[in-house]
Amino acid sequence: GAARTALCAQIASGGVDVVVGTHALFQDKVVFHNLGFVIIDEQHRFGVEQRQRLLDKSGVLPHLLAMTATPIPRSLALTVYGELDVSVLNELPGGRKPIKTKLVSPPSRDKIYQQVECELQAGRQAYIICGLIRDNPENDRKSVETEYKKLKNSVFGHRTIGLLHGKMKPNEKDRVMQDFKDKKYDILVSTTVVEVGVDVPNATVMMIEDAEQFGLSQLHQLRGRVGRGKHQSYCYLMMSTNNKPSERLREIERSNDGFYLAEVDMRLRGPGEIYGRMQHGALNLQIATLADTKLIARAQKAAQAFIASGENLADYPDLAREVRRNQRLTTLN
């Protein structure tokens, strides 16, 4: 509308010093007067090309601060190789307790329901997460619509239960979340829309159905919706079968450390392309491997020494060409 057009004009003319926005900032019609510093929150939720489009809006590479609770494998690999400096905030805010995480097989479901009820009796609240909005005949994954009805008509029939998913209208979603925050619901049955930006300190239980269907990063983000107050919180990873848990699930059960889990994720999925768009998968280095830390360290020192010597990169045309080709791809992540 007119307000959006006027704001874009202000951004382009330099009339606005700081711009806070969503994916809309990636659009071509958003032009910056002099973009010098980019902060990308929840970095793991954006693709390489999206981040590149934002950085391309500057004549020179702007400074970049990327923030995430769970770095994607590619970003973590870039920190290993010295392309990114890292600051780690590994302390809980005052008064918070580490979340207790437990893998739960189907025979133990009723016991977990009892533990959830104990938390509700103590005045706390709970999330129950399903990966689907409605049942899919092609798989057995739980859906929020079916689970919501089942819980209301059985084990938690005496409790107030809210329903939330991404297909609801924005104002309806906002109302449900506010009602949950205001303690009008004991339980919120939801899809992963609560993964980011939800802060309900009174919620102490996170039940994730079909946990084996989620990635490490998503499980860690969902778990982070609890443990935001002074009370002990719990995360139950509900398995759909009695099969042996995967290494991914065993790791998240034993650790609350997002950076450690990112390292596990990188080991399990691969770091992705250093010079490309893939954020996980096989590494595309020709000689080095992820384990070549000594070689990587030597390469870093050689590059730093070259820069410090004041030599002209133009005197090495092949090297200059490769640096130009890869520079923008590596710096943004």
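Modeller: Gladly! Let us start with a definition: two strands count as paired if DSSP finds at least two bridges between them. What you see is a predicted model, and in it Ile128 of E4 stands opposite Met207 in E7.

Biologist: How do you know that E4 and E7 are paired?

Modeller: The definition asks for at least two bridges. E4 is joined to strand E7 (residues 203-208) by 5 bridges, so the pair qualifies. The two strands run parallel.

Biologist: What makes E6 a partner of E4 too?

Modeller: The test is again at least two bridges, and 4 bridges join strand E4 (residues 125-129) to strand E6 (residues 187-190), so E4 and E6 are paired. Within E6, Tyr127 has Leu188 as its bridge partner, and Ile128 has Val189.

Biologist: Which strands make up the whole sheet, and in what order?

Modeller: It is an open sheet of 6 strands, ordered E3-E8-E7-E4-E6-E5, with parallel pairing. Strand E3 (100-104) and strand E5 (161-164) are its edge strands, for each pairs on one side only. On average, neighbouring strands are turned by 15 degrees against each other, direction ignored. Helix H5 (residues 144-152) packs on this sheet and touches E4, E5 and E6.

Biologist: Why is E4 called mostly covered?

Modeller: Buried means under 20% relative accessible area, and 5 of the 5 residues of E4 are buried. Gln125, Tyr127 and Ile129 point one way, Ala126 and Ile128 the other way, and all are buried.

Biologist: Why is Lys183 called exposed, while Asp210 is called buried?

Modeller: Exposed means over 50%, and Lys183 has a relative accessible area of 54%, so the word applies. Asp210 has 4%, which is under 20%, so Asp210 is buried. Lys183 sits in the loop between helix H6 (170-181) and E6, and Asp210 in the loop between E7 and helix H7 (216-223).

Biologist: What is phi like in Lys183 and Asp210?

Modeller: Phi is positive in each: near 70 degrees for Lys183 and near 50 degrees for Asp210. As background, most residues other than glycine have a negative phi.

Biologist: What makes Arg159 and Glu117 a salt bridge?

Modeller: A side-chain nitrogen of Lys or Arg must be within 4 Å of a carboxyl oxygen of Asp or Glu. The closest N and O atoms of Arg159 and Glu117 are 2.8 Å apart, so the pair meets the cut-off. Glu117, Arg159 and Asp186 are linked in a network of salt bridges.

Definitions and conventions: Residues numbered from 1 in each chain as written. Predicted model: local features only at pLDDT ≥ 70, side-chain atom pairs only at ≥ 80, totals over all residues. Heavy atoms only, no water. Axes fitted to C-alpha atoms, helices over the stretch in contact; angles between N-to-C directions. Contact = heavy atoms within 4.5 Å. Buried < 20%, exposed > 50% of the residue type's maximum accessible area, 1.4 Å probe, protein only.
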